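Colleague: Please show me the model, and then let us go through its packing and pairing.

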Amino acid sequence: MKFYSTNNKNKFYSLREAVVKGLPEDKGLFMPAYFPPLENKFLDDANGLSFSETSLHTAKTLLGDSIGEPVLERIIRDAFDFDLPLKQITDNIYVLELFHGPTLAFKDFGARFMAGLMEHYVQDSARKLTILVATSGDTGGAVANAFYGKEGIEVIILYPEGKVSGLQEKQLTTYGRNITALKVSGTFDDCQRLVKAAFNDQTVAAKWWLSSANSINIARLIPQSFYYVYGWSRLASSGKKTVFSVPSGNFGNLTAGLFAWKMGVPVSRFVASTNVNDIVPQYLISGNYRPKPSMQTLSNAMDVGDPSNFARLQDIFKGDVSAMTDTISGFACNDRMTSNAIKEVSSRYGYLPDPHGAVAFLGLQDYLEKNKRDINGIFLETAHPAKFAETVEKITGTRIVLPEPLARLENQTGNSVPMSTSFDDFKAFLMSCTS
Ligand SMILES: *Cc1c(COP(=O)(O)O)cnc(C)c1O
């Protein structure tokens, strides 16, 4: 498989280049040159396959000419060593729980697969690859976990001191070994500025082989398409249509669903469920893309005012909004609706969603009410409710027990290096580290 940039479809990159570079020079986003179809036989039999088997087949179909099957098999086995349950909520509503990975959020799927691929690509290299990440909380935890112990890769995480939750800080600072956490005496924007400045600095670039492992790396999207194939296949024998409701912020998750659809998984519709940061639902109505400053909500991982994967959505539908609305419906809700949904889904159906899953539930319910045909709806649960315990406990009045991976962290002490917001200090730190 070759990859092009959404800004230039005439230049192609190998999988290795796309993954290690992260972003093309022209500031577009990498896309697969085409979507090879999954064979009918595979789709017919998919409901009998495990998630690993489904993933391996899908990965092989898309990437098999770039990377060998034994390597893909090992990466998938190591990356997805956790459960992926589909649970029934009502007669036509199901939830696909994507939060059983080590950091209890769906970002584990992308981060762990990308880490496996990067480790594979650096193994023959004499140089170490250093990954710089700025995080406002969750992404850094998933990246730290995914790269922990990976050979030939160092990770440096910058986070704003005092501005991430105690548990999030532990998720960044308790690894050690090849993971270094810097607590920056500033904001998330300062962290991001320092990372950008490092990439643009000649002396740093000469000493280090840098990569960003950022959220728009194509290696994070591809594995997210696997769980759509799997989720669809669990209900395929019902003979009903399948609709996915995707709680969306930067729209990586929804784009990955479209990858599966382009490869032939017969998903009849995607619901782009957002909070009041409703740029894409508005675009689907008006055909105008109007980014705006993000607003803070209960589902804060989706507080995005200019979704970074919008260029990929445009690319898939060739900029045609009516083609997009044939496949994607928009839905947006405010915090009051989210909070009511958490209360109602837990009291009526005995299922406790997190704020992001609650938004997706509402988007699905809205679609199913307006389209009473033979449809199975699946909403994606992207985080364990314990990750948002304070919010969820206030709404339901019931304590949430911390699941094991988080509970274990509570008694550990982390380790981080204090850092000012000045690039000179950050540069001095980088230059003093042995590579
Ligand atoms: C990142 C995140 C989202 C949004 O996913 P996108 O791919 O950015 O649309 C939704 N829920 C949770 C819990 C997240 O961490």
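Modeller: Two strands count as paired if DSSP finds at least two bridges between them. Helices (H or I, at least four residues) and strands (E, at least two) are DSSP runs, numbered from the N terminus. This is a predicted model, in which local features need pLDDT of at least 70 and side-chain atom pairs count only at pLDDT 80 or more, while totals for chains, interfaces and linings use all residues. Residues are numbered from 1 along each chain as its sequence is written, and side-chain values use heavy atoms, with hydrogens and water left out.

Colleague: Which residue is the bridge partner of Leu182 in E14?

Modeller: Strand E8 (residues 179-184) and E14 run parallel and are joined by three bridges. In E14, the partner of Leu182 is Val417.

Colleague: What is the order of the strands in the open sheet of five?

Modeller: The pairing in this sheet is parallel. Strand E9 (209-211) and strand E14 (417-419) are its edges, as each pairs on one side only. From one strand to the next the twist averages 30°. The order is E9-E6-E7-E8-E14.

Colleague: What angle does the direction of helix H19 make with that of E14?

Modeller: H19 (residues 423-432) packs on the sheet and touches strand E6 (129-134), strand E7 (153-160), E8 and E14; contact means heavy atoms within 4.5 Å. Angles run from 0 to 180 degrees between N-to-C directions, and axes are lines fitted to C-alpha atoms, for helices over the stretch in contact. For H19 and E14 the angle is about 145°.

Colleague: Why are H3 and H10 called oblique to each other?

Modeller: Helix H3 (residues 51-63) and helix H10 (residues 218-234) pack with their axes 9 Å apart, at an angle of about 125°. Under 35 degrees counts as roughly parallel, over 145 as roughly antiparallel, 65 to 115 as roughly perpendicular, and the rest as oblique. The class of H3 and H10 is therefore oblique.

Colleague: Which residues of H10 make the contact with H3?

Modeller: From H3 come Phe51, Thr54, Ser55, Thr58, Ala59, Leu62 and Leu63. From H10 come Ile222, Ser225, Phe226, Tyr227, Val229 and Tyr230.

Colleague: What radius of gyration does the protein chain have?

Modeller: The chain holds 19 helices and 14 strands. The radius is taken over C-alpha atoms, and the globule rule is 2.2 Å times the number of residues to the power 0.38. For 435 residues a compact globule would be near 22 Å, and the chain agrees with this at 21 Å.
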